[in-house]
Amino acid sequence: MSPKGKAGLRTPTAANVGYEAELWQMADALRGSMDAAEYKHVVLGLIFLKYISDAFEEQHVNLEQERKQGADPEDPDEYRALNIFWVPPEARWSHLKAQAKQPTIGQLVDDAMAGIERDNPSLKGVLPKEYARPALDKTRLGQLIDLITNIKIGDKESRSKDVLGRVYEYFLSQFASAEGKKGGEFYTPRCVVRLLVEMLEPYKGRVYDPCCGSSGMFVQSVEFIRAHAQGNGNGGKAKADISIYGQESNYTTWRLAKMNLAIRGIDGQIAHGDTFHNDRHPDLKADYILANPPFNVSDWRGELLRDDKRWKFGAPPAGNANFAWVQHMIHHLAPTGVTGFVLANGSMSSNQSNEGEIRKNIIEADLVDCMIALPGQLFYSTQIPACLWFLARDKRNSKFRDRRGHVLFIDVRKLGRMVDRTHRELTNEEVTRIANTYHAWRGEKDAGKYEDIPGFCKSATLDDIRKHGHVLTPGRYVGTEAVADDGEPFEDKMKRLTKTLREQQTKAAKLDVAITANLKELGYGG
């Protein structure tokens with residue numbers, strides 16, 4: 001679905017700051033006939049450039065005022081000491097803005113990107129440098145530069161409000177919507193990421209995503225930690241005590257991931273490459289793994305990895321990578337590590353090509369901690385119904401109660417609200433309710449007492465799961481929602497309903513007679 005005209009239809013859960021929708025509509029109007037997948041890098045590259053230029057220019061002004069104290073506004077180290085990117089003269093926004101109407105503007109932007117990469121090694125190979133190509137309308141490019149000129153995103157005040165983070169996030173979601181299936185490869189809906197993060201609570205340790213897309217899992221993990229620090233009276237200034245590791249096979253998406261972390265000042269080891277065939281973090285044992293692998297991938301070249309050491313629970317089928325992802329993540333878990341990830345619903349029940357046997361072995365190893373059935377229409381990439389898996393290496397972990405031999409099932413298929421005619425979103429309150437249910441079940445301090453709720457959640461034993469043939473579909477375990485007692489005695493209700501049925505049957509018989517008579521009059525009677 002094209003997002004044109006839909007940009008304003010966002011709910012408060014999408015974390016908007018008021019003008020992202022308006023900014024998106026104006027930017028999208030300048031796209032013309034350009035494919036959304038291409039335009040994404042044009043727009044986000046310019047927004048990134050404006051951000052680092054804003055931060056640079058603000059510090060440049062400060063240093064100009066401090067010249068008498070020996071400050072040099074053209075000394076790159078003055079900026080790097082404050083974690084501000086050094087912007088060479090040819091890359092400064094004021095220079096580009098002054099040249100925006102020139103036919104050479106495309107080449108000037110490419111030169112700006114190259115200059116920033118040259119002087120900031122952490123951005124080497126990350127920024128788009130395709131603005132001079134003939135297919136990009138230079139008049140529209142100039143108009144886009146004028147548009148972005150009018151927003152402040154990199155100065156101190158804007159950084160404190162994470163204006164760029166919110167604009168970037170909003171644009172990513174809109175591009176995902178515009179691209180449809182392809183968009184899902186780089187963007188996981190915010191509410192799904194938030195649910196994974198709220199469930200796992202990655203406060204401290206090594207956080208890994210083997211198919212990290214545009215780095216949404218990492219961004220929200222850090223946001224979660226900062227929000228938690230704020231709730232504890234630290235003003236949200238606590239530094240996230242986590243180490244970030246990621247890998248992304250799509251080169252252009254990898255660039256988005258690097259930019260997404262850079263604009264927020266988040267350090268992360270994000271590698272480019274095929275996770276299955278060129279695992280760039282082979283020795284990593286992560287405390288938390290969060291992921292949204294592509295569903296049901298058939299061309300992952302699994303036949304080349306039949307004897308891989310990661311397949312401890314069975315060789316995954318060459319025609320479907322789902323259980324290759326699952327086992328890859330288990331392989332990379334630390335002894336007390338936990339993982340939460342998205343998979344297609346079929347993973348919970350499929351018995352095709354050894355998948356049932358692999359799932360059974362994982363269940364019997366007592367690794368499955370929680371299963372969640374999600375509502376439909378959450379994802380931009382697919383209409384395939386999805387679920388969340390949560391696995392724990394050590395369910396007797398002293399942090400929580402001993403959960404060995406038990407699995408929590410949660411069914412939230414009826415939750416969520418439509419944010420436009422094709423996409424649904426879990427609300428903040430719903431995410432909190434789901435996460436709190438898991439925390440209570442795990443026995444977390446101050447999480448309250450867990451109770452089974454028919455139609456919503458059920459703590460099942462491994463014996464229960466064996467009786468269901470090792471199928472993990474929550475609907476099989478949670479039962480049906482309890483119907484509220486209306487206070488009418490059963491005998492009275494049966495008499496009333498029986499009387500109503502008899503009356504309706506009498507009316508139906510009279511209607512049959514009348515219809516037959518009418519058909520006879522029309523010459524159709526028997």
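Over the face of which residue does Arg442 lie, and at what distance from the ring centre? I looked this up and found Phe400, at 4.0 Å from the ring centre. A charge counts as over a ring if NZ of Lys or CZ of Arg is within 6 Å of the ring centre and within 35 degrees of the ring normal. I also noted Arg433 over the face of Phe456, at 3.8 Å from the ring centre.

Conventions. The model is predicted, so I note that local features need pLDDT of at least 70 and side-chain atom pairs count only at pLDDT 80 or more, while totals for chains, interfaces and linings use all residues. Residues are numbered from 1 along each chain as its sequence is written, and side-chain values use heavy atoms, with hydrogens and water left out.

Aromatic pairs. I took rings of Phe, Tyr and Trp (its six-membered ring) as paired if their centres lie within 6.5 Å. That rule gives 13 aromatic pairs. One aromatic cluster is formed by Phe276, Trp300, Trp311 and Trp325.

Nonpolar cores. I used sets of buried Ala, Val, Leu, Ile, Met, Phe, Trp, Tyr and Cys residues joined through side-chain atoms within 4.5 Å, with buried meaning under 20% relative accessible area (1.4 Å probe, protein chains only). The largest such core has 110 residues, and Leu144, Phe171 and Ile372 have the most contacts inside it. Helix α2 (residues 36-65) supplies the largest share of this core, 14 residues. Another core, of 41 residues, lies apart from it and includes Leu284 and Cys387. Helices here are DSSP runs (H or I, at least four residues), numbered from the N terminus.

Phe171 and α1. I listed contacts (heavy atoms within 4.5 Å). Leaving aside neighbours within four places in sequence, Phe171 is in contact with Glu20, Leu23, Trp24, Ala27, Val43, Leu44 and Ile47. In helix α1 (residues 20-29) the buried residues are Glu20, Ala21, Leu23, Trp24, Ala27 and Asp28. Seen down the axis of α1, these fall within an arc of 160 degrees, so they line one face of the helix; the arc is that of the directions from the helix axis to the C-beta atoms.

Gln59. This residue is in helix α2. Gln59 counts as buried because its relative accessibility is 12%. Not counting residues up to four places away in sequence, Gln59 touches Glu78, Tyr79, Leu82 and Ile84.

Helix α5. I found α5 mostly covered, with 11 of its 15 residues buried. The buried residues of α5 pack against α2, α3 (76-80), α4 (93-98) and α6 (138-149).

Technical notes: Buried < 20%, exposed > 50% of the residue type's maximum accessible area, 1.4 Å probe, protein only. Helix = DSSP H or I, 4+ residues; strand = E, 2+ residues; numbered from the N terminus. Phe/Tyr/Trp six-rings, centres within 6.5 Å; stacked < 30°, edge-to-face > 60°.
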